[in-house]
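Hi,

Here is the structure I promised to pass on.

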Amino acid sequence: MTAFLPLALLTLPLVAALISFALPDTRAAWRDATNIIFALVKLVLVGFLLLQAQGGVDFEWRYEFLPGHDFVLRVDAIALLFVTLSTFLWLIATIYAIAYFERGPNLARFFGFFNLCVLSATGVAISGTAITFFSFYELLTLATWPLVVHKGDEKSLTAGRVYLTYTLAGSAAFLAGILWLKALVGPLEFAAPPDLSPVPTLTLILIFVLLIGGLGVKAALLPFHGWLPQAMAAPAPVSALLHAVAVVKAGAYGILRVVHDIYGAGTVADLGLGLPLAFLASATILYGSLRAVMQNDIKKRLAYSTVSQVSYIVLGASLAGPIAAVGALVHLVHQGIMKITLFMCAGALANRLHIKAVTELDGAGRLMPVTMASFTIGALGMIGVPPVAGFISKWYLGSGGLEAGDAWVIAVLAGSSLLNSAYFLPLLYRAWLLPPQGDHAPVAELTGGWNRMLVLPAAVTALASLGAGLFASFPFSPLEWVSLIVDAGYLR
Amino acid sequence: MSPLDLLVVAPLVFMVLSLLAGGWQRSLLALAIATMAALSVWLMTLDPGTAHVVGGWELPLGVLLRADGLAQMLVPAVTLTAGLTGLYALHQFAPESHASNAQTAAFWPLYYLMWSAANAAFLTTDLFNLYVTLEMASIAAVAMAAMGSVRAALRYLLIALLGSIFYLLGVALILSRYGTVDVTLLAGMAEADFATALALALMTGGLLVKAALFPLHGWLPPAHAAAPAPASALLSGLVVKIGFVITVRLWFEGLAAAATPAGLHVLGGIGALAILFGSLQAIRQESLKALVAYSTVAQIGYLFLAFPLIAGAGHAWAGLSFHAVAHMIAKAAMFLAAGLMLKAAAGPRIADLAGLARAMPLTVTAFGLAAVSLMGLPPSGGFSAKFLLVDAALRQGQAIHAAVMLIGGLLAAVYLFRPLAVAFSGSETPVVPPKAPSMVAAPLALALAALLLGFAGGPLADLATGGAPATVAPEPLPALEDTVETASEDEQ
């Protein structure tokens, strides 16, 4: 029976998607209830899996979907980390999305694809082979496209086109890479790396470039990041999910899998590929931050910040050594909860006060204090101010760099933190210390169902990112969990 | 009687009945679908290779009908495609519909004639009998095309006749050389001499016209784009597959001795050009149906691109069979959906589709799902097909073929997402109530079938390789199997 638990993780969002598609807009309340209930049930299921995993049980479901190619769903410790993150944030984002749209048009479609998107992200997390991973990775592209073009205006359609151009080309490269490697060494399971010794070095390097290049598109690695700022045309709940757990994380997670499960960190270092990847990630970190400083649109600024922050994960993955690996994995979680906070706040500001640009933020702290407080926590975390979660990530990444003998990593991190301050602190200054510009009345954030549902999700994730930092050494904190995974031999 | 006879004869009986049925077409169709579905299931349960001599005349005088894996996949797919297309056509060619009486009276006999021709073509191994099926299909196809544009139909007729002449010349050569035209007998006798090679070349030339392989595709786009939607679905789904399957029978079974690697590579190269040319033409089209028709030109290319891969490592034979089935089903779904969309749209151009995703969500869903399969994205039959073909190409070191197939998928995304994006634009379109439920259900069911095909890859691949000709690598081995034995063992 337990073999079917991984399947249940996918079935729940699938059923929620089908129900959402089927219910007409006149039954919107039913649809909302369905979405929340399914998200809750999945959270309970994940809790159960967590307890089982404590006992060292791995869940696997295997099916030969083509001759010689197994479709494998495996819930191991690292998958569970990602699944827990996405399930928790799915619940939060669903509640937020319901309040954000209230009763707008085309929501049956929206929530249907929203659920398919979550299904794909879960599938990406629990994929046990490269082919399985690819299937969900591609499904994710297809499920997010309708969300990106949801508004149906010219800007969204352009964003959708750019998004598809980048991501489909990226997945084609990735598919070519895995099939090529598979033709040489047999099936690529995410367990122990296969024996790559019969393959010529140059071929291995080429395949690595194909794989990382393909995944780097979704992870918004330089120079493939162009789609991400454009995708800001999507509604705020979509951006929140895209930046926190769905698309960019799928890319970063894939890079972790390629480096550690397909090639093995040792081989990557032997081939001399680790350092170039680390340089590329560092360049992306600095470039994203620099571009963020120049943006006046809040969502665009956040988008470039994502470009920068996701590359922390890639940086950690590319540096040899367990401490950097801890930094990479823990940032996967920390960046998720912090970034979703920021996007949900930005969406709430745009929705209630029509604030979209940095220059319009004056006095927002007085008008929506709870939202701005959440935003502040998220922003401080991104900068790396202790005790918010982002500090822990940067600490481990920096120590990991030192451990690996790459002291320059510290400089990159410091430079990035400086730039992070440069693009976040002015926002906080304007919001808290300048008087409001227009004649907006303060928003009653905690009265009325819609307002509460719009404001509280961000507050919850803000507190979570504070808690993940404050209680980092407690059991079940992301850091402790990641350390357990790494101690157990993963990512060595 | 065996199901093999009945699958050919029953549609002919229904053809005669349809001439007499008058207002009873609906009941007749229900009876036909039930009969053919039962026979198809029976066919699938037969042992692969089961053969039956019609009328008790022994070979070489008699005519052999045989159920090999390819036929066991294609005939049920024809039943599904033709059956659902028939349900759709009931509302377009019903006595009370707006179609002219002449069209209504003509459609149904042609429809059953085509059904019989397709089944006969996939089941028979007699080259002359195959010629008869080609002509039956051509007559039905030309007449159906004439319902849309007489000019396009005449062009089609002339070119089809030319193709027939070439084919018939080849058959005559074979008959004079070997004294038999049965593929199974020829397989044991054929030699690689000049006469055989010439016959193979002549027949192939004729068949490529019928299969609309680039550069002999000129007749297809105008005919398929102008015909009524159900006719287009049958033309693109069934008719072009007939020429293709006969070519397969010749090259890999009957005249395999004369099928040189160079010849296979020429066909593969033409297939690659067809993919690129058809896709680029599809991208340039402004009319929706012309776009879908050019997509057929491109998809036919995959079928021939697979030719040089069949004998080598991998599962190219299964991939080829998958592609024939997946394209049949998905393309029929797409033509039917396009027919409904164009009825609701302001004009025939892609730009006229604005807002349809809201106006007719189920139909646009059908179009989208069919597009997923045609693009070869997971999970779908199209993905399984392309996956096996790319895998085989890479295992055999045919990197260019693999690259063409992956690029073809990207180009398909370019042209297929264009109508979808337009359909998603605008959000205030009123919902169009469907004219008849079965008209909406038919394309949706076909598209879902194309999708579900992706989940049944393992069993279907077994089915496809059952009774496959000896030229197909019986137990495909991974490349480098001597160097990485463990990997290949895992795979088994």
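How many residues of chain B are in contact with chain A, and with how many residues of chain A? This is a predicted model, and in it 39 residues of chain B touch 34 residues of chain A. On the chain B side, α15, α16, α17, α19 and α20 each put in at least two residues. The largest share comes from α17(B), with 8 residues. Sorted by class, that side of chain B has 24 nonpolar, 10 polar and 5 charged residues.

Now for chain B itself. Between them, 40 residues of domain 1 are in contact with 46 residues of domain 2. On the domain 1 side, the elements giving two or more residues are α3 (69-92), α9 (220-226) and α10 (229-254) of chain B. Here α3(B) has the largest share, 14 residues. The domain 1 side divides into 26 nonpolar, 11 polar and 3 charged residues.

- α5(B), residues 127-146, is largely enclosed by the rest of the structure, because 14 of its 20 residues are buried. Its end C-alpha atoms are 28 Å apart, in agreement with the 28 Å it should span at 1.5 Å a residue.
- α12(A), residues 274-294, reaches 31 Å from first C-alpha to last, close to the expected 30 Å. Its buried residues, among them L277(A), I285(A) and R291(A), pack against α7, α11, α13 and α18 of chain A.

Cheers

Terms used: Residues numbered from 1 in each chain as written. Chains lettered and ligands numbered in written order. Predicted model: local features only at pLDDT ≥ 70, side-chain atom pairs only at ≥ 80, totals over all residues. Helix = DSSP H or I, 4+ residues; strand = E, 2+ residues; numbered from the N terminus. Expected span 1.5 Å × (residues − 1). Buried ≥ 20, exposed ≤ 12 C-beta atoms within 10 Å, placed from the backbone. Contact = placed C-beta atoms within 7 Å. Nonpolar A, V, L, I, M, F, W, Y, C, P; charged D, E, K, R; others polar.
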